[in-house]
Amino acid sequence: MSQQPVVDDATVGADEGLDTAKTLETTQVQDQYIKLLLKKIALLEERLSITNDDDRASQKNDGKSEAPVEKNDAEEEEEPRYVIIVNKWDPDTGDYKDDEITKSNEKKEIGPKPESRRAFTFRKSTMFRPRYNIVETVLSVAQIEAEPLQRLIGKITSKLGGDELVKSISSPFENLVWTWAEAEDEAKKFVESETPEEKQARIDLSELMRIISTSSGILPLDQYFKERNFFDNERSISHAALWTLFPPGTLIVSHPCLGEPQIFTVDSCDSFILREDHTFDLTCFSFDWTGTEFTRVPFEMKIRH
């Protein structure tokens with residue numbers, strides 16, 4: 001018969017205690033390792049987040065890999081030089097409201113408010129015509145805010161009797177249309193001795209003329225500028241746009257008395273004539289002999305379609 005090994009109770013108890021101690025030690029080591037591992041993961045995630053932010057900023061910077069350049073508030077939210085506002089009919093409220101097409105982000109200013117860099121605000125006022133269910137621009141106004149631009153426009157148009165400092169002009173912008181060719185020359189001109197503000201005014205004038213000639217919102221005026229080059233090339237004019245030929249002070253020749261040629265000076269005239277059954281009315285004056293003296297005499301001419 002084989003003998004069974006004899007195991008002492010004290011020996012068994014010691015072995016069990018040793019195993020328990022080893023288990024506790026192992027558990028503590030594992031806990032410390034897990035804590036270190038979690039800390040390492042958190043550090044790696046933080047570094048990865050910073051790297052991704054830098055990559056996104058670099059992509060915004062024209063695709064370059066260099067670090068993004070910080071901009072101050074003035075650079076990020078600079079006020080636009082030109083603002084266009086449309087006063088629209090809101091069918092939800094049954095009233096008109098302003099819709100600013102060009103907007104700058106609002107920000108809180110710290111310290112003194114900087115000087116406005118806006119050159120002009122172009123405002124289109126519309127009217128809802130329920131009979132035709134349309135919204136039509138009935139008036140466009142350019143509020144000139146930069147003084148160098150006010151002086152430049154005044155320099156061009158004051159010969160027609162306007163102010164030398166023009167702060168506002170409205171559709172159909174008669175004085176500017178009558179001096180359009182001169183205004184184009186002034187906008188393109190470069191004068192070495194001018195200040196940066198005066199040179200900028202010429203750029204501002206060019207932008208103002210672009211808006212007036214392409215998107216004034218006044219349909220007859222927009223149509224006139226579409227046909228303007230044709231009129232110049234063909235030496236002709238439409239009945240609707242006759243007014244563009246007669247700025248105040250223009251000398252014209254007519255034959256109202258006995259078929260004899262006579263000189264007249266333009267005083268005023270109609271604007272756009274949109275109906276064929278309406279005449280274009282032109283008020284002029286000339287000098288006539290009353291029997292005792294020469295005096296200025298008004299004379300009205302009518303041009304049929």
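Biologist: What percentage of the residues of the protein chain count as buried?

Modeller: This is a predicted model, in which local features need pLDDT of at least 70 and side-chain atom pairs count only at pLDDT 80 or more, while totals for chains, interfaces and linings use all residues. Residues are numbered from 1 along each chain as its sequence is written, and side-chain values use heavy atoms, with hydrogens and water left out. Of the 305 residues of the protein chain, 27% count as buried, where buried means under 20% relative accessible area, exposed over 50% and partly exposed in between, with a 1.4 Å probe and protein chains only.

Biologist: How many helices and strands does the protein chain have?

Modeller: The protein chain has seven helices and nine strands, taken as DSSP runs (helices H or I, at least four residues; strands E, at least two) and numbered from the N terminus.

Biologist: At what angle do helix 3 and helix 6 pack?

Modeller: In general, two packed helices are described by the angle between their axes and the distance between the axes. Here helix 3 (residues 147–157) and helix 6 pack at about 65°, with their axes 8 Å apart; axes are lines fitted to C-alpha atoms, for helices over the stretch in contact, and angles run from 0 to 180 degrees between N-to-C directions. Helix 3 and helix 6 are therefore roughly perpendicular to each other, a label for angles of 65 to 115 degrees, whereas under 35 counts as roughly parallel, over 145 as roughly antiparallel and the rest as oblique.

Biologist: And which angle describes helix 5 and helix 6?

Modeller: Helix 5 (residues 180–188) and helix 6 (residues 196–215) pack at about 140°, with their axes 8 Å apart, and that makes helix 5 oblique to helix 6. The contact, meaning heavy atoms within 4.5 Å, involves residues including Trp180 and Ala183 of helix 5 and Leu205 and Met209 of helix 6.

Biologist: How many disulfides does the structure hold?

Modeller: A disulfide is a covalent bond between the sulfur atoms of two cysteines. The structure holds zero disulfides, the criterion being a pair of cysteine sulfur atoms within 2.5 Å. Cys269 is in no disulfide, and its nearest cysteine sulfur, that of Cys284, is 8.8 Å away.

Biologist: Are Cys269 and Cys257 buried, exposed or partly exposed?

Modeller: Cys269 counts as partly exposed at 23% relative accessibility, and Cys257 is partly exposed as well, with a relative accessible area of 42%.
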